[in-house]
Amino acid sequence: MRFGKKAAGMRKVLRKSYKQQQQKEEITGYEIFIRCLAAEGVDIIFGYPGASIVGIHDVLYDIEAAKIKDIKTEEGTISNNRRNNAMTPTKAQDNHQGKTMTGAEIFVRSLVEEGVDILFGYPGGVLIGIHDVLLDVTHIKHILTRHEQGATHAAEGYAKATGKPGVVLATSGPGATNTVTGIANAYMDSVPLVVFTGQVVTKLIGNDAFQEVDIVGITRPITKHNFLVKDVNELANTIKAAFYIATTGRPGPVLVDLPKDMLAAKTVFEYPKSITLRSYHPTLEGNIKQIKKAAEILSQSKRPLLYVGGGVISSNASAEVRALADKLRAPVATTLHGLGVYPEQSKLALGMLGMHGTWYSNMAVDQCDVLVAIGARFDDRVTGNVEKFAENAKKIHIDIDPSAISKNVQVDVPIVGDVKHVLKHLNEMVKPLETKDWLRLIDEWKAEHPLRYKHDELLRAQYVIQKLGEITDGDAIIISDVGQSQMWTAQFFKWKHPRTHITSGGLGTMGFSLPAAMGAAFGRNDLPVICISGDGGLQMNIQELATISYNKLPVKIFVMNNGYLGMVRQWQEFFWKKRYSSTRITSPDFVKVAEAYGIPAQRVTSPAEVESTIKNALKYKAGPIFVEFTVVKEENVYPMIPAGQTIGEIIDSPEPLEQKHATHKTMIHAKG
Ligand SMILES: Cc1ncc(C[n+]2csc(CCOP(=O)(O)OP(=O)(O)O)c2C)c(N)n1
């Protein structure tokens with residue numbers, strides 16, 4: 001806080017106005033918030049905007065002159081060969097069972113038993129014992145990220161790209177708290193992570209010891225489960241349980257807190273072959289009666305729709321979903337995390353649904369008579385107004401998590417079970433449907449309301465992403481950040497395969513893409529790994545350029561620089577009268593920054609350069625490559641269903657269609 005004469009004067013005025021406002025007129029919560037701060041004498045706030053606080057920034061826009069300022073805060077080598085041959089140790093090499101060893105050795109040997117070959121982390125005082133053991137273990141590589149947030153996102157990128165759990169090791173106190181955003185992100189997106197944190201010695205726990213933090217308490221609501229190890233004899237069992245819980249049922253992050261004395265204490269190492277946990281028994285097989293009921297309802301359907309989500313990918317059930325859609329002749333609408341389950345080139349594919357989904361996928365939701373939600377959770381970005389979501393349809397919901405059933409939207413046929421198991425049965429029971437009229441109607445919608453953007457001499461992110469899709473033909477792993485570039489990536493890339501689209505969906509964490517791309521590149525080298533970020537998001541974990549560069553990871557880093565926190569700016573344009581409070585953002589010279597990290601870099605400013613630049617970047621295999629695309633500043637993501645609303649309120653692209661298409665004649669009841 002600063003106390004100057006001017007600020008004191010301003011505070012007096014604001015205090016007075018605050019009292020007046022309180023007595024005389026109603027003001028918004030946003031204004032009350034700011035006026036309370038002013039009354040408290042606050043004259044400087046450090047922060048970052050977001051959709052939920054855009055109203056506060058709108059108020060700040062007016063009182064910037066009155067000196068309340070919103071200041072934006074800024075927040076071992078692995079060879080290609082090694083990545084190709086992710087080594088799982090042979091039992092002969094690693095038979096340490098029955099030996100007496102320290103907790104630190106037990107920790108490392110337990111990871112070996114779990115088949116872990118890569119660990120993302122950062123050392124610290126309480127972890128030195130573990131890092132000492134790691135030095136002699138050749139088949140687990142510890143990747144030294146430049147921030148523990150980077151480590152958790154990297155582990156998530158690795159997990160999503162490979163289907164294996166991501167593993168993180170962070171020290172106590174600040175190391176542990178730095179993992180919190182990544183853990184919350186993995187929790188929201190159901191990604192299997194096992195996060196190990198160091199802790200102060202057990203006798204000091206609760207004493208406010210140096211670098212002590214109650215990470216078990218902090219992460220309780222954002223982990224599937226967490227543990228504090230209080231007895232070295234329990235260490236191996238706890239690690240076994242952590243991997244089991246993280247990877248089974250609805251996957252998610254599990255945290256294990258390791259006090260320093262537990263790592264130093266000794267016991268006999270015995271790693272359990274399997275584990276049974278009281279009160280944790282995920283249901284894999286769906287109830288056969290419910291599956292029959294679903295098949296019966298589907299047999300009556302004239303306008304079926306599959307709504308598929310990330311659960312299909314976790315369950316490795318893309319083939320089963322494709323088989324179901326093809327057998328039923330049912331169109332497929334996909335969530336952000338479901339992209340890749342069904343090839344977008346297919347006639348039955350409708351692309352993404354929801355807030356920035358295609359016009360026709362949202363229309364199909366509105367008009368379908370049976371909706372089959374598969375591994376999807378009726379998230380509010382998908383449903384908009386829950387009351388009106390698929391209001392004409394009977395709803396079938398297949399999900400492994402019983403708590404996801406009828407949580408947001410009441411369904412007619414819940415089927416709790418693993419998607420792959422359930423679909424095996426359902427696919428045998430269903431019969432092909434007569435959906436010609438329905439598909440013809442959808443084709444008309446596709447022609448009348450395609451995804452589109454302006455084609456002129458200016459460079460647009462949509463064009464870059466569309467070209468990337470064409471050039472790679474969908475054979476790439478794309479890791480997107482959060483904001484407009486994320487939505488354009490979802491809309492315009494040519495999705496073909498599962499596990500090729502990695503993004504932060506539930507939490508929407510800016511800064512996710514760079515470290516997650518790094519993790520994906522450690523796990524996969526069969527396809528090019530491409531990070532697509534906005535200029536804001538890149539600056540949130542930019543330090544991971546060092547890790548990527550040091551490890552010579554062939555990640556292609558594409559930054560769409562529009563000089564704005566674009567998605568929030570778009571909300572300000574649409575809903576806050578274009579008052580761009582705190583959304584203009586400056587960046588360093590990204591090309592120079594990348595070069596300083598030892599990464600070849602270039603800037604692209606016109607559409608004419610895009611194709612050759614992408615082709616050259618794809619050819620470059622020696623390490624990372626960085627391209628900054630200077631794109632149009634004020635561009636919007638279309639279509640958009642404003643939060644909590646319906647297809648009736650959809651804002652479609654203002655761009656005219658290039659050709660005349662069929663009319664709306666055949667629509668069942670026109671909306672929007
Ligand atoms: C950590 C974090 N802080 C704030 C936000 C709110 N937010 C969502 S999108 C966005 C703008 C992103 O800007 P940029 O990275 O430049 O991408 P663009 O939207 O311009 O493509 C912001 C600030 C967020 N999602 N995550």
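**Figure 1. Secondary structure and surface of the whole chain.** The chain folds into 27 helices and 22 strands. Helices (H or I, at least four residues) and strands (E, at least two) are DSSP runs, numbered from the N terminus. The model is predicted: local features need pLDDT of at least 70, side-chain atom pairs count only at pLDDT 80 or more, and totals for chains, interfaces and linings use all residues. Residues are numbered from 1 along each chain as its sequence is written, and side-chain values use heavy atoms, with hydrogens and water left out. Buried residues make up 58% of the 672 in the chain. Here, buried means under 20% relative accessible area, exposed means over 50%, and partly exposed lies in between (1.4 Å probe, protein chains only). The accessible surface of the chain is about 27900 Å². Carbon and sulfur atoms account for 52% of that surface. Accessible areas come from the Shrake-Rupley method with a 1.4 Å probe; for residues, only the protein chains shown count as cover.

**Figure 2. The shell around the ligand.**

Figure 3. A backbone N or O atom of Gln484 lies 2.8 Å from a ligand oxygen. For Gly537, a backbone N or O atom sits 2.7 Å from an oxygen atom of the ligand. For Gly566, the corresponding distance to a ligand oxygen is 2.8 Å. On its own, the ligand has 590 Å² of accessible area, and the protein covers 85% of it. A polar contact is a pair of N or O atoms within 3.5 Å; within protein, one must be able to donate a hydrogen and the other to accept it, and residues adjacent in sequence count only if both atoms are side-chain atoms.

Figure 4. Strands β21 (residues 601-604) and β22 (residues 625-630) run parallel, joined by four bridges. Two strands pair if DSSP finds at least two bridges between them. Arg603 has Glu628 of β22 as its bridge partner. From β21 the chain passes through helix α27 (residues 610-619) to β22, in a right-handed β-α-β crossover. Right-handed means that, with the strands pointing away from the viewer, the path from the first strand over the helix to the second runs clockwise.

Figure 5. Most residues other than glycine have a negative phi, and most peptide bonds are trans. The bond between Tyr638 and Pro639 is cis, with omega about -10°. Pro639 lies in the segment after β22. Asp473 has a positive phi, near 55°. This residue is in the loop between α20 (461-472) and β17 (477-480). Asp473 is partly exposed, at 34% relative accessible area. Arg499 also has a positive phi, about 60°, although it is not a glycine. Its loop runs between α21 and β18 (501-502). Is Arg499 buried or exposed? Arg499 is buried, with a relative accessible area of 15%.

**Figure 6. Helix α22 and its cover.** Helix α22 (residues 513-523) is mostly covered, with 10 of its 11 residues buried. Among the buried residues are Leu514, Met518 and Phe522. Ser513 and Pro515 are buried too.

**Figure 7. Loops on either side of β13.** Leu348 lies in the loop between β12 (332-334) and β13 (349-352). Leu348 is buried, at 2% relative accessible area. The C-alpha atoms of Leu348 and Ala325 are 7.7 Å apart, and the two residues are 23 apart in sequence. Thr358 lies in the loop between β13 and α16 (359-367). Thr358 counts as buried, at 4% relative accessibility. Its side chain reaches the backbone oxygen of Leu350 at 2.8 Å.

**Figure 8. Gly115 and Lys164.** Gly115 sits in the loop between α5 (103-113) and β4 (118-121). With 23% relative accessibility, Gly115 counts as partly exposed. Gly115 and Lys164 are 49 residues apart along the chain, and their C-alpha atoms are separated by 9.6 Å.
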